Amino acid sequence: MTKSVQSLSDRPAWKALESHYHSIRAMHIRKLFADDPPRGERMVAEAVGIVFDYSKNRVTDETLKLLLQLAEESGLRARIDAMFRGEKINITENRAVLHVALRAPRSATIVVDGENVVPQVHAVLNKMADFSNRVRSGEWKGHTGKRIRNVINIGIGGSDLGPVMAYEALKHYSDRAMTFRFVSNVDSTDFVEATRDLDPAETLFIVSSKTFATLETMTNAHSARDWALRGLGGDSKAVAKHFVAVSTNAAKVREFGIDTANMFEFWDWVGGRYSMDSAIGLSTMLAIGPDNFRAMLVGFHEMDEHFRTAPFAKNLPVLLSLLGVWYNNFFGAQTVAVLPYEQYLKRFPAYLQQLTMESNGKYVTLDGKRVTYDTGPVYWGEPGTNGQHSFYQLIHQGTRLIPCDFIAFAEPLNPLGRHHDLLLANVFAQAEALAFGKTPEQVKAEGTPDWLVPHRVFEGNRPSNTILVDRLTPQALGKLVALYEHSVFTQGAIWSIDSFDQWGVELGKVLAQRIVPELETKTEPKLGHDSSTNSLIRRYRKFRDK
């Protein structure tokens with residue numbers, strides 16, 4: 001239980017924001033810039049190597065003042081301090097929320113249940129580094145004496161999306177002599193396609209499951225075990241040379257055939273979607289090496305400290321989150337587009353979908369009451385200019401307001417002629433076009449026939465943020481992920497919800513476990529579902545048994 005807090009809609013800043021919204025909702029970004037030409041230089045926050053330009057938003061200084069007041073009235077500072085102290089702020093599971101401990105320096109002290117957890121974190125990091133060095137150097141050999149050249153991470157949710165995103169994001173720094181693949185879907189195609197061209201004698205599987213009982217992960221893990229043993233002569237001792245585990249369940253790991261010396265631990269104060277910098281990131285470390293992995297942790301920690309200490313008016317995660325609250329709760333915007341102009345970040349929007357929507361997709365407050373306002377919006381996006389030739393039409397001229405986050409890097413990792421200048425020109429042009437649009441007068445001045453003018457007008461007034469970083473390094477990735485982690489936390493604090501449980505994931509899983517035997521039994525099952533589900537089960541059985 002938690003003590004009741006003042007309802008969000010009763011807070012003075014919320015009421016003031018409602019009134020303020022009605023006074024400025026029709027104001028155009030063109031006018032905001034016309035009335036305040038230096039706005040583009042003033043409404044910029046810069047910290048830890050990230051430039052955050054929020055000037056192209058439908059906000060005034062008064063808007064920002066009221067949003068910052070809302071953060072204060074929501075007890076954000078106390079919530080931040082409680083998280084960093086290791087208090088059990090995940091109230092429905094009675095757990096601390098300490099992904100920040102995963103990247104804390106050795107000298108830090110973060111106490112959970114009377115114990116400093118930082119030494120445990122660094123012990124696991126050291127174990128990961130030792131293992132990674134042995135595999136990358138070829139010292140670790142498979143069952144037949146061949147070195148490992150292929151690594152397949154088996155997980156789902158946070159045990160998959162983080163490692164996949166990080167591998168793609170940091171591919172530039174990876175060992176290209178090794179192949180890395182990721183299996184998550186229980187659809188057999190996922191596993192078959194990941195392994196079809198690989199040699200079991202050169203393949204290492206990382207099975208990532210805290211309980212070692214996750215249905216999808218363990219189904220894929222057992223298929224992997226069968227596949228490996230078929231190619232390695234059927235000797236069960238081979239499992240120990242081709243499988244390692246990221247788990248806390250030593251008994252089940254041992255039962256599977258994995259040497260528990262090769263089990264990498266993480267803790268119940270690490271949520272799955274916040275775990276890419278824990279042992280869940282073992283595949284990342286194998287790909288980019290321990291030094292680069294530790295550099296990523298440094299980036300995470302830099303943003304953690306900025307979030308913990310910076311005044312809210314200059315605090316990047318706080319500003320990002322408050323702007324999101326402004327559009328979500330006052331303009332009724334239902335989605336946020338995340339648009340990375342960097343091909344290596346092609347899986348970043350998918351990663352953010354879990355981080356944001358599993359965290360803040362809640363309709364009950366911390367004290368168990370139904371919310372009376374919207375919480376988490378839908379996050380989506382695609383990289384670079386690909387999106388411009390896909391869904392940008394709707395963002396520019398559609399009927400829905402879709403705030404956008406543009407992410408760009410000043411320096412390319414793969415310089416090639418004019419490519420990067422063209423890429424960055426598109427970033428800046430899209431943000432400008434969304435904000436300012438093109439008036440009927442401007443369209444007519446181009447010689448456009450009157451009948452065509454309405455089709456070529458861009459209303460503009462579409463808000464966006466631009467996040468500019470010098471170069472996509474491991475350290476920069478850590479900062480970027482932590483920026484969004486803490487933005488999610490801030491919004492959860494304002495909405496008075498628990499951002500760290502995910503009970504909504506459970507019901508479908510429980511029902512699936514009930515349906516599995518009904519699909520697999522040889523005799524006609526007695527079904528007790530609704531008429532639709534009963535009918536679908538019978539149809540599937542009929543198709544399958546043809």
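In helix H15 (residues 348-360), Phe348 and Tyr351 are three residues apart and therefore separated by about one helical turn; helices (H or I, at least four residues) and strands (E, at least two) are DSSP runs numbered from the N terminus. The model is predicted, so local features need pLDDT of at least 70 and side-chain atom pairs count only at pLDDT 80 or more, whereas totals for chains, interfaces and linings use all residues. Residues are numbered from 1 along each chain as its sequence is written, and side-chain values use heavy atoms, with hydrogens and water left out.

A pair of aromatic rings is described by the distance of the centres and the angle of the planes. Rings of Phe, Tyr and Trp (its six-membered ring) were paired if their centres lie within 6.5 Å, with planes under 30 degrees apart counted as stacked, over 60 as edge-to-face and the rest as tilted. By this rule there are 27 aromatic pairs. One of them is stacked, Phe205 with Phe243, because the ring centres are 4.9 Å apart and the planes are at 20°. This pair links distant parts of the chain, since Phe205 belongs to strand S7 (residues 203-208) and Phe243 to strand S8 (residues 243-246), 38 residues apart. Phe205 and Phe243 are both buried, a term for under 20% relative accessible area, with exposed meaning over 50% and partly exposed in between (1.4 Å probe, protein chains only).

The rings of Phe348 and Tyr351 are also stacked, because their centres are 6.4 Å apart and their planes at 25°. Phe348 counts as buried at 0% relative accessibility, and Tyr351 counts as buried at 2%. Elsewhere, one aromatic cluster is formed by Trp14, Tyr21, Trp326, Tyr327, Phe330, Phe331 and Tyr373.

Charged groups also lie over aromatic rings, the criterion being NZ of Lys or CZ of Arg within 6 Å of the ring centre and within 35 degrees of the ring normal. Arg225 lies over the face of Phe256, at 5.8 Å from the ring centre. The charged end of Lys241 sits over the ring of Trp140, 5.2 Å from its centre.

Two packed helices are described by the angle between their axes and the distance between the axes. The axes of H15 and helix H21 (residues 474-495) come within 10 Å and cross at roughly 20°. Axes are lines fitted to C-alpha atoms, for helices over the stretch in contact, and angles run from 0 to 180 degrees between N-to-C directions. H15 and H21 are therefore roughly parallel to each other, as angles under 35 degrees count as roughly parallel, over 145 as roughly antiparallel, 65 to 115 as roughly perpendicular and the rest as oblique. In contact (heavy atoms within 4.5 Å), residues of H15 including Phe348, Tyr351 and Leu352 meet residues of H21, among them Leu480, Val481 and Tyr484.

Positive phi values occur in loop residues other than glycine. For Phe212, in the loop between S7 and helix H9 (215-231), phi is near 60°. Phe212 counts as buried at 4% relative accessibility. For Asn461, in the loop between helix H20 (453-456) and strand S13 (464-469), phi is near 65°. Asn461 is buried, with a relative accessible area of 7%.

Pro415 lies in the loop between strand S12 (404-409) and helix H18 (419-436) and is exposed, with a relative accessible area of 64%. Pro415 and Ile537 are 122 residues apart in sequence and, C-alpha to C-alpha, 54 Å apart in space.
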